[in-house]
Amino acid sequence: MSSIQTQFLDLTAHHARYDAIDPKAGLKGSATDKVVFIAGASRGIGQATAVAFAEAGARAVYITARSEDALKETQTLVRQANAETQCAYAVCDVTSAEQVEAAVADCVATFGGIDVADANAGYLAPWMKIGETDPENWWRSWKVNVRGAYHVIRFTLPHPIEPAAKRAAQGSSGGHLIVLSSIGAQLLMPGASDYQTSKHAINRLCEFVQSDHDEDGISASPSIRVASPPIWG
Ligand SMILES: NC(=O)c1ccc[n+]([C@@H]2O[C@H](COP(=O)([O-])OP(=O)(O)OC[C@H]3O[C@@H](n4cnc5c(N)ncnc54)[C@H](OP(=O)(O)O)[C@@H]3O)[C@@H](O)[C@H]2O)c1
């Protein structure tokens with residue numbers, strides 16, 4: 001085991017949903033009136049994020065992924081979390097610019113805009129030494145994690161700009177872009193070259209969104225998560 005793996009394995013995970021970060025407590029009402037677009041919301045973190053935004057009072061949550069049955073499950077969970085939060089979905093592969101553009105257009109037509117966009121869809125391939133990887137599979141990580149995130153950013157970003165400017169004038173927060181990165185972006189885990197380089201690129205992309213659109217009232221955050229059970233992502 002490398003020293004880097006040892007360092008990572010020694011991290012302590014905290015799971016408590018304390019008041020300040022609980023959408024049913026400290027964050028309740030923080031998403032009031034907001035329309036949230038989430039890519040990759042059929043399961044896992046994306047599904048939990050959709051439910052959390054509903055709990056925090058979002059006006060609408062628009063969810064996308066490739067699996068329609070699983071999206072319907074997320075839709076049910078959102079409605080159970082908050083009967084007043086509207087929820088619609090689109091079957092959409094983030095690697096297709098046309099599909100992402102169409103889903104964003106449908107969200108705007110249905111709910112009147114987008115205040116928060118979450119590029120959560122991601123792919124983690126089995127870990128392998130670079131010299132043993134299948135080129136298509138190696139590139140798939142970049143296709144989903146970088147190209148997919150770029151598509152979500154590219155097509156959602158124009159929409160929060162108008163409400164962000166209005167909110168900023170009233171002294172409240174503007175549009176927000178969340179991009180799911182990983183602690184792996186900063187690590188060098190043997191066998192994880194495709195995933196960890198793709199997440200490193202995502203962090204840089206977020207910095208460019210911030211520098212290109214700061215004056216438009218957009219704030220962009222790369223979100224890092226260590227899951228339980230961990231996938232060492
Ligand atoms: N879980 C962790 O420990 C961890 C740690 C650090 C970072 N992350 C990052 O957090 C994000 C979510 O992770 P997760 O553990 O919740 O993953 P997950 O359970 O595998 O879910 C991935 C989501 O992305 C969607 N997706 C995958 N490929 C897609 C594509 N081509 N087009 C559209 N949607 C696609 C999946 O839906 P469909 O299959 O239905 O399309 C699913 O909704 C990922 O970006 C991941 O890299 C996770």
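Visitor: What do β1, α2 and β2 make?
Guide: They make a right-handed β-α-β unit. A crossover is right-handed if, with the strands pointing away from the viewer, the path from the first strand over the helix to the second runs clockwise. Helices (H or I, at least four residues) and strands (E, at least two) are DSSP runs, numbered from the N terminus. This is a predicted model: local features need pLDDT of at least 70, side-chain atom pairs count only at pLDDT 80 or more, and totals for chains, interfaces and linings use all residues. Residues are numbered from 1 along each chain as its sequence is written.

Visitor: In which sense do β1 and β2 pair?
Guide: They pair in the parallel sense, over five bridges; pairing requires that DSSP finds at least two bridges between two strands. Ala39 stands opposite Thr64 in β2.

Visitor: Why is β2 largely enclosed?
Guide: Six of the six residues of β2 (residues 60–65) are buried, so the rest of the structure largely encloses this strand. A residue is buried if 20 or more other C-beta atoms lie within 10 Å of its own, exposed if 12 or fewer, and partly exposed in between, with C-beta atoms placed from the backbone.

Visitor: Which way do its residues point?
Guide: Ala60, Tyr62 and Thr64 point one way from β2, and Val61, Ile63 and Ala65 the other way.

Visitor: New topic: is Asp33 buried or exposed?
Guide: Asp33 counts as exposed, because it has 12 C-beta neighbours inside 10 Å. Asp33 lies in the loop between α1 (3–9) and β1 (35–39).
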